[in-house]
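Thanks for coming. I will take one structure today and go through a few places in it. Please have the sequence and the model open.

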Amino acid sequence: MSVVIDWNAFLLVFAAALVGACAIVGFYAIGLRLLVRSGHAPVVSPAEFTDAITVITEKDLKRAAKQAAKAAKKSPLTDAQKRLALVGAYLCFALCALAVAGGVALIVIGH
């Protein structure tokens with residue numbers, strides 16, 4: 001019994017995975033950047049973890065929220081530009097979701 005590897009299929013799957021991963025990470029990064037640019041900087045409240053992860057304090061969270069609000073006020077963008085950046089951010093996040101859903105559909109339906 002010998003094992004035969006279809007290298008063309010392997011390279012096709014490798015390329016598809018690489019392009020898909022780069023697309024998802026790229027669109028997410030652009031979406032996050034546009035979200036911040038539109039004045040909606042995400043401030044995440046601290047979570048309780050055990051041991052290995054350092055948790056920020058409530059004071060640090062309030063300070064981060066205050067800095068985000070201050071940065072949003074100092075933005076040189078007009079309201080229309082901020083709105084366009086927000087729409088672009090949501091569009092990038094939607095493209096991320098579509099890429100993930102497409103990958104799952106390829107795995108479930110295509111196999």
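Predicted model: local features only at pLDDT ≥ 70, side-chain atom pairs only at ≥ 80, totals over all residues.

Helices here are DSSP runs, H or I, of at least four residues, numbered from the N terminus.

Is Ser-38 buried or exposed? Its relative accessible area is 4%, and the cut-off for buried is under 20%, so Ser-38 counts as buried.

What does the side chain of Ser-38 touch? One of its polar atoms lies 2.8 Å from the backbone oxygen of Leu-35. The Ser-38 side chain also makes a polar contact with the side chain of His-40, at 3.2 Å. If we set aside neighbours within four places in sequence, Ser-38 is in contact with Lys-82, Ala-85 and Leu-86.

Helix 3 covers residues 79-110, which is 32 residues. From first C-alpha to last, helix 3 reaches 45 Å, close to the 46 Å expected at 1.5 Å a residue.

Now to the start of the chain. Ile-5 is in the segment before helix 1, and helix 1 is residues 7-37. The relative accessibility of Ile-5 is 47%, so Ile-5 is classed as partly exposed. Ile-5 is also one of the residues in a nonpolar surface patch, together with Val-3, Trp-7, Phe-10, Leu-11, Phe-14 and Leu-18. Together they have about 780 Å² of accessible area.

Definitions and conventions: Residues numbered from 1 in each chain as written. Heavy atoms only, no water. Patch = residues over 30% accessible without salt bridge, like charges linked within 9 Å, V, L, I, M, F, W, Y side chains within 5 Å. Areas by Shrake-Rupley, 256 points an atom, 1.4 Å probe, with all protein chains shown as cover. Salt bridge = Lys/Arg side-chain N within 4 Å of Asp/Glu carboxyl O. Helix = DSSP H or I, 4+ residues; strand = E, 2+ residues; numbered from the N terminus. Buried < 20%, exposed > 50% of the residue type's maximum accessible area, 1.4 Å probe, protein only. Polar contact = N/O pair within 3.5 Å; in protein donor to acceptor, adjacent residues only side chain to side chain. Contact = heavy atoms within 4.5 Å. Expected span 1.5 Å × (residues − 1).
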